[in-house]
Amino acid sequence: MLVMTSPGGSVGSQPEPSRPTGHGSPTPLDDLSKAIIKELQEDGRRPYSTIAKSVGLSEAAIRQRVQRLTDTGVMQIVAVTDPIQLGFARQALIGIRTTGDTRELATQLAAIPAIDYVVLTAGTFDVIAEVVCKDDGDLLDLLNHQIRALPGVLSTETLVYLKLVKQQYNWGVQ
C-alpha cells in the first residue's frame with residue numbers, strides 16, 4: 001500500500017487509515033498502473049485528466065484504475081498531517097517484548113486509537129508500535145493503562161521523538 005502526499009511533503013502520522021498490513025503477496029502491476037501511482041506519489045491531488053494525458057489513457061480509465069488500486073489495497077490516498085500542528089505534541093516508538101502469540105497482541109494494539117503503526121519484528125523486540133499523543137501525560141496513560149495492561153506484554157521500551165527529520169511515502173514501484 002502507498003500513502004500519497006501532496007507537494008510540500010507535509011510530515012507526521014495520522015491514526016487512520018492504517019498503514020499496510022503485509023498480508024498476501026504483492027499485486028502484479030502493469031506499467032500503466034505503475035505510472036499512475038508515480039503520478040499520485042508526486043501529487044496525491046493531481047487531477048485524473050492530467051494523469052490521463054501523462055500516461056495516455058482516458059480520464060475514465062484512470063478513475064477505474066485508481067479505484068481498483070485502492071479497492072485492492074495496493075494504495076491509499078490520504079492527507080499526511082503534521083501531528084504538532086494538530087495538537088499532538090508527543091510521538092514515540094514503543095518496542096514491546098511479549099510472551100504468547102505476537103499476532104494476537106499486535107491485533108489488540110492496532111485497535112488502540114493512539115497507535116498508528118504496528119509491526120511484528122525479529123530481534124530485541126517482538127512488536128513495535130508508533131504512537132501519537134497530546135502530551136507526556138497522555139503517553140504515560142497510554143503506556144500504563146492500555147499497552148502494559150495487555151496480556152502477554154513483558155516489557156516496553158519507549159523512544160520519544162524529539163524531532164522528525166524525514167518522512168516520505170514516494171519510494172516508487174518496482
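**View 1. Contacts and overall make-up of the protein.** In the protein, 72% of the contacts (heavy atoms within 4.5 Å) with a separation of 6 or more are between residues 24 or more positions apart. This is a predicted model, in which local features need pLDDT of at least 70, side-chain atom pairs count only at pLDDT 80 or more, and totals for chains, interfaces and linings use all residues. Residues are numbered from 1 along each chain as its sequence is written, and side-chain values use heavy atoms, with hydrogens and water left out. The protein contains 5 helices and 6 strands, where helices (H or I, at least four residues) and strands (E, at least two) are DSSP runs numbered from the N terminus.

**View 2. The open sheet of 4 strands.** The strands stand in the order S4-S5-S3-S6 with antiparallel pairing; two strands pair if DSSP finds at least two bridges between them. Strand S4 (115-120) and strand S6 (153-160) form the edges, each pairing on one side only. From one strand to the next, the twist averages 20 degrees. Strand S5 (residues 127-133) pairs with S4 in the antiparallel sense over 5 bridges. Val119 has Ile128 in S5 as its bridge partner.

**View 3. Two helices across the sheet strands.** Helix H4 (residues 102-110) lies across strand S3 (90-98), S4, S5 and S6, and runs at about 170 degrees to S4. Helix H5 (residues 136-147) also lies across S3, S4, S5 and S6, running at about 20 degrees to S3. Axes are lines fitted to C-alpha atoms, for helices over the stretch in contact, and angles run from 0 to 180 degrees between N-to-C directions.

View 4. Lys34 belongs to helix H1 (residues 31-42). Leaving aside residues up to four places away in sequence, Lys34 touches Leu29, Val173 and Gln174.

**View 5. Ser49 in helix H2.** Ser49 is located in helix H2 (residues 48-55). With a relative accessible area of 30%, Ser49 is partly exposed.

Conventions
Buried means under 20% relative accessible area, exposed over 50%, partly exposed in between (1.4 Å probe, protein chains only).
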